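Please look over the structure below, then read the short report that goes with it.

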Amino acid sequence: MGVFTVRQGRDIKIKGAASKELVNSPLPSRIALKPTDLRGLKSRILVRENDVVKVGTPILIDKLRPEIKVVSPVSGKISLIERGDKRVLLRIVIDCDGRQEPIVFRQFSPNEIKSLSDQDTKVHLLEGGCWPFIRQRPFSKIANPSDHPKSIFVQAINTEPLAPDIDFILKNKEQLFQAGLDVLKCLTNGNVHLCMAKDAESKALTQAQNVLTHQFSGPHPCGNVSTHIHFIDPIKKGDIVWYLHALDVLRIGHLFLNGTFLPEKYVAVTGEGAKNRVYLKTIIGAPLRNLVEPENNKGPARYISGNILSGTNVGMDGSLSLYDSQVTVIPEGGRRTFLGWLTPGFCSYSFTKTFVSSFLPKTEASLDTDTHGSNRAIVLNEIYDELVPLDIMTYFLVKAVLAGEIEETEKLGILECDEEDFALCSFACPSKVDVSGIIRSGLDLLEKES
Amino acid sequence: MKFLEKFGEPFQKGKPLEKLYPLYEALDTFILTPGKVTKKAPHVRDAVDLKRVMSFVVIALLPSIAMGIYNTGYQILLAKGLSIEFWQCIGLGLSKVLPIIVVSYAAGGFWEVVFAVLRKHEINEGFLVTGILYALILPPTMPLWQVAVGITFGVVIGKEIFGGTGYNVFNPALVARAFVFFAYPAQISGSQVWVAIDGFTRATPLAVVADAGKGGSAIDALSHVGYTFQNMFYGFIPGSIGETSALACLIGLGFLLITRVASWRTVTGCVLGLLAMSSVFYLMRGPETLTFFALPPHWHLVMGGFAFGAVFMATDPVSSAATNIGRWIYGFLIGVLTVLIRVINPAYPEGVMLAILFMNIFAPLIDYFVVEANIKKRMKRAKGQVKIA
């Protein structure tokens with residue numbers, strides 16, 4: 001229980017926030033599941049093309065831990081299984097029949113949930129297809145059911161640019177949310193930490209029972225899971241904590257209370273390239289084409305599942321990634337400006353004070369995908385420390401990863417981090433160094449070695 | 001834009017001038033921004049790039065350059081006993097300073113291009129800064145061939161053999177100056193080189209105090225030859241081209257701090273270190289100590305190359321410490337060492353160049369201890385011994 005004020009970090013204030021209006025998006029005619037979203041899952045496919053599936057039918061399992069299942073969010077027919085190099089599964093496309101027939105699992109009353117054993121809870125979560133939403137630190141991959149986490153973190157605060165407002169989405173869902181939290185409590189002997197914004201108002205959050213609540217205030221990345229873990233229950237080598245997003249807690253609550261897999265997704269449509277900037281109630285794997293109405297006269301645009309800092313460029317024909325509750329559309333860059341390094345920059349966006357715009361009143365910026373420069377060796381490294389709230393020497397961590405010093409990276413705290421924590425560094429680096437990508441490669445290397 | 005593309009054709013892969021591609025690329029991105037887009041997250045990037053950062057350092061140097069040119073002419077007219085006219089000062093100054101800047105850029109730029117071509121990397125804009133910094137810390141009488149030899153050493157040995165800008169251990173401009181300082185001492189030290197007239201002797205303020213013997217008043221020794229706090233602050237004294245005016249450095253510093261290009265920690269550390277060490281000497285002053293002991297601490301700030309070194313050399317982010325605590329220590333020790341060398345080392349009247357180079361060597365060690373402390377803290381915290389926040 002506590003209030004944490006984070007000083008380091010920056011909010012990137014850009015145009016294109018979603019208005020607080022919830023619209024039911026019609027069920028798309030086909031959806032796609034992307035096994036590539038599921039870090040830590042060695043997927044084996046259980047269905048074939050033309051198989052008929054219901055909501056909750058297992059589609060994928062993990063090769064090593066077959067009890068982990070990824071289930072279908074729609075009822076319909078498997079229309080395409082797309083594979084890439086080395087037969088890696090890329091996409092499973094399902095044609096929806098519109099009936100949304102569910103597989104029904106056992107239901108529990110709120111009181112029954114509280115007295116469930118660790119094992120029964122896990123089995124029900126695994127069977128019902130809710131397990132992949134529970135991830136672990138270190139390595140940000142799907143949790144291993146046989147682990148015993150020292151605590152579980154629920155992320156109920158989003159601070160990424162234009163991120164959806166969790167308060168707004170959780171309105172009137174107190175019961176489902178509380179049931180989900182009770183389920184999580186059965187999974188650990190430690191605490192369930194519910195991390196919310198300081199100004200959170202939704203009753204689901206402020207009146208949550210059976211958990212420790214923590215409030216965070218400050219600029220992004222104060223809403224990142226790493227920040228919460230770092231301040232509340234830091235991990236060292238050998239420790240495991242689990243985490244999940246507040247909106248997926250609803251899914252777990254729904255599975256236990258109502259006995260069916262909840263395939264819904266609440267998505268904020270954001271970015272200046274999208275015309276219909278609202279909150280949509282849609283479904284897991286929905287194609288972006290169904291969600292976004294593009295602004296017509298804005299030229300080529302980038303369609304991102306997620307936010308501008310850590311989202312995936314999926315294209316207009318791509319579909320929503322499993323863990324994302326946001327779609328961002330921003331214009332593509334690539335225009336070459338004359339003597340760009342010398343222009344006063346009346347509307348350039350920068351964390352530095354090297355543009356006239358830095359001294360003008362702050363307005364919402366319009367950002368495109370331009371890199372604004374070429375790649376160089378790291379020269380200015382002071383800026384990293386201002387952007388990472390974790391007590392981590394970012395510059396030295398990056399150097400250790402580049403040098404392949406695995407033990408050193410571990411000592412410098414790489415296990416506490418995820419690439420998204422350094423997205424602001426990648427954004428701000430004048431040498432255009434991909435700091436977050438380097439950290440990811442360090443994590444991958446460490447995971448492979450251990 | 002079309003013209004550039006057409007001009008660039010022979011430099012593309014498989015074409016005759018393929019090897020010179022870095023040269024074309026530098027020109028191309030000098031004129032137009034690269035226009036590349038991000039491939040993956042984060043999808044947007046800050047508008048600043050290294051070209052802009054480096055050109056801002058050059059902009060911050062403009063007051064020092066202007067003052068250096070004016071003062072070079074001013075010192076000549078003063079020495080000849082002629083009346084001081086503004087445009088005459090500028091004209092005379094330009095005739096002495098401009099060739100040095102041009103040679104420094106040309107010779108250094110040549111090596112920059114050679115290495116870019118050989119190592120197939122893009123030409124780095126860091127040289128824009130090195131080339132002008134080096135020119136500004138030379139006496140106006142420096143023979144041009146020595147200017148060229150010095151910058152060659154600085155760029156090749158000080159930077160390129162380590163891998164180029166961003167990988168260098170030392171500040172390349174200082175390496176270049178240190179090289180000419182030890183290779184051609186007659187042309188860069190003593191009292192004959194600071195005013196651009198053959199055979200004219202005028203000692204710099206630091207040399208005046210160093211030669212003042214024991215027990216006297218440093219201020220009297222200085223005012224005896226016409227040096228006051230004011231004219232040292234404004235920079236109307238003999239010395240290296242760009243370093244004489246503390247005022248110009250102060251304006252540059254303001255610019256660098258407002259735009260947040262330079263680290264305020266390093267600069268503050270330097271000033272504190274200098275004041276601390278010179279205060280110690282000042283308190284120890286007596287009839288048996290060197291006259292230098294009696295120089296009031298704040299006079300150290302405006303004498304010699306300290307202001308220039310602290311603002312433009314110590315703050316070089318590549319060769320300085322890279323942790324916040326490290327920057328304080330690094331800056332502080334530069335200040336301390338500068339005074340130590342100035343006051344009690346009989347061989348070199350000025351200490352800031354050697355102090356910074358010396359601390360360049362120690363910067364990684366300072367960082368090492370800061371990083372180790374961080375590692376230990378994290379270990380303890382993970383065991384639950386320290387509660388944070």
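This report goes through the model chain by chain, then turns to the places where parts meet.

## Confidence in the model

This is a predicted model. The predictor gives the complex an ipTM of 0.90 and a pTM of 0.92.

Chain B averages a pLDDT of 88, and 97% of its residues score at least 70. Among the elements of chain B, helix α1 (residues 2-8) has the lowest mean pLDDT, 71. Helix α13 (residues 264-284) of chain B has the highest, 95. Over residues 385-389 of chain B, the pLDDT is below 50. Beyond near neighbours in sequence, that stretch has eight contacts in the model. Where pLDDT is low, the predicted coordinates should not be read in detail.

## Chain A as a whole

Chain A has 13 helices and 20 strands. Its radius of gyration is 22 Å, close to the 22 Å that the globule rule gives for 450 residues, so chain A is as compact as a globular protein of that length. Along the principal axes, its C-alpha atoms fill a box of roughly 65 × 50 × 50 Å.

Buried residues make up 54% of the 450 residues in chain A. Now take the contacts in chain A between residues at least 6 apart in sequence: 69% of them join residues at least 24 apart.

## Domains of chain A

The domain assignment of chain A gives domain 1 (28-96), domain 2 (128-258), domain 3 (264-359) and domain 4 (382-449). Take domains 2 and 3 of chain A. Their C-alpha centres lie 26 Å apart. Nine residues of domain 2 of chain A are in contact with 13 residues of domain 3 of chain A. On the domain 2 side of this contact in chain A, seven residues are nonpolar, one is polar and one is charged.

## A closer look at Lys122(A)

Where does Lys122(A) sit? Its place is in helix α2 (residues 118-127) of chain A. Why does Lys122(A) count as partly exposed? It has 19 other C-beta atoms within 10 Å, and a residue is buried only if that number is 20 or more, and exposed if it is 12 or fewer.

Leaving aside its neighbours within four places in sequence, Lys122(A) is in contact with Pro145(A) and Leu187(A). Pro263(A) is 141 residues away from Lys122(A) along the chain, and 19 Å separate their C-alpha atoms.

## Chain B as a whole

Chain B has 17 helices and zero strands. With 389 residues, a compact globule would have a radius of gyration near 21 Å; chain B has 23 Å, which agrees. Its C-alpha trace spans about 70 × 65 × 35 Å along the principal axes.

Of the 389 residues of chain B, 52% count as buried. Among contacts in chain B between residues at least 6 apart in sequence, 70% join residues at least 24 apart.

## Domains of chain B

The domain assignment of chain B gives domain 1 (2-31), domain 2 (50-188) and domain 3 (205-375). The centres of domains 1 and 2 of chain B, taken over C-alpha atoms, are separated by 28 Å. Their contact takes six residues from domain 1 of chain B and six from domain 2 of chain B. The domain 1 side of this contact in chain B has four nonpolar, no polar and two charged residues.

## The nonpolar core and a covered helix

How many residues does the largest nonpolar core have? It has 251. Those with the most contacts inside it are Val154(A), Leu194(A), Val209(B) and Ile356(B). Helix α3 (residues 50-80) of chain B gives the largest share of this core, twelve residues.

Leaving aside neighbours within four places in sequence, Ile356(B) is in contact with residues including Asn171(B), Leu174(B), Gly309(B) and Met313(B). Helix α15 (residues 306-313) of chain B is mostly covered, with eight of its eight residues buried. Gly309(B) and Met313(B) are among those buried residues, as are Phe306(B) and Phe312(B).

## Where the two chains meet

Here 49 residues of chain B are in contact with 64 residues of chain A. Helices α2 (21-31), α3 and α17 (352-382) of chain B each supply at least two residues of the chain B side. By class, that side has 23 nonpolar, 15 polar and eleven charged residues.

Definitions and conventions
Residues are numbered from 1 along each chain as its sequence is written. Chains are lettered from A and ligands numbered from 1 in the order in which they are written. This is a predicted model: local features need pLDDT of at least 70, side-chain atom pairs count only at pLDDT 80 or more; totals for chains, interfaces and linings use all residues. A nonpolar core is a set of buried Ala, Val, Leu, Ile, Met, Phe, Trp, Tyr and Cys residues joined through C-beta atoms within 7 Å. Helices (H or I, at least four residues) and strands (E, at least two) are DSSP runs, numbered from the N terminus. Two residues are in contact if their C-beta atoms, placed from the backbone, lie within 7 Å. The radius of gyration is taken over C-alpha atoms; the globule rule is 2.2 Å times the number of residues to the power 0.38. Ala, Val, Leu, Ile, Met, Phe, Trp, Tyr, Cys and Pro count as nonpolar, Asp, Glu, Lys and Arg as charged, and the others, Gly among them, as polar. Domain bounds come from an automatic or database domain assignment. pLDDT is the predictor's confidence in each residue, from 0 to 100.
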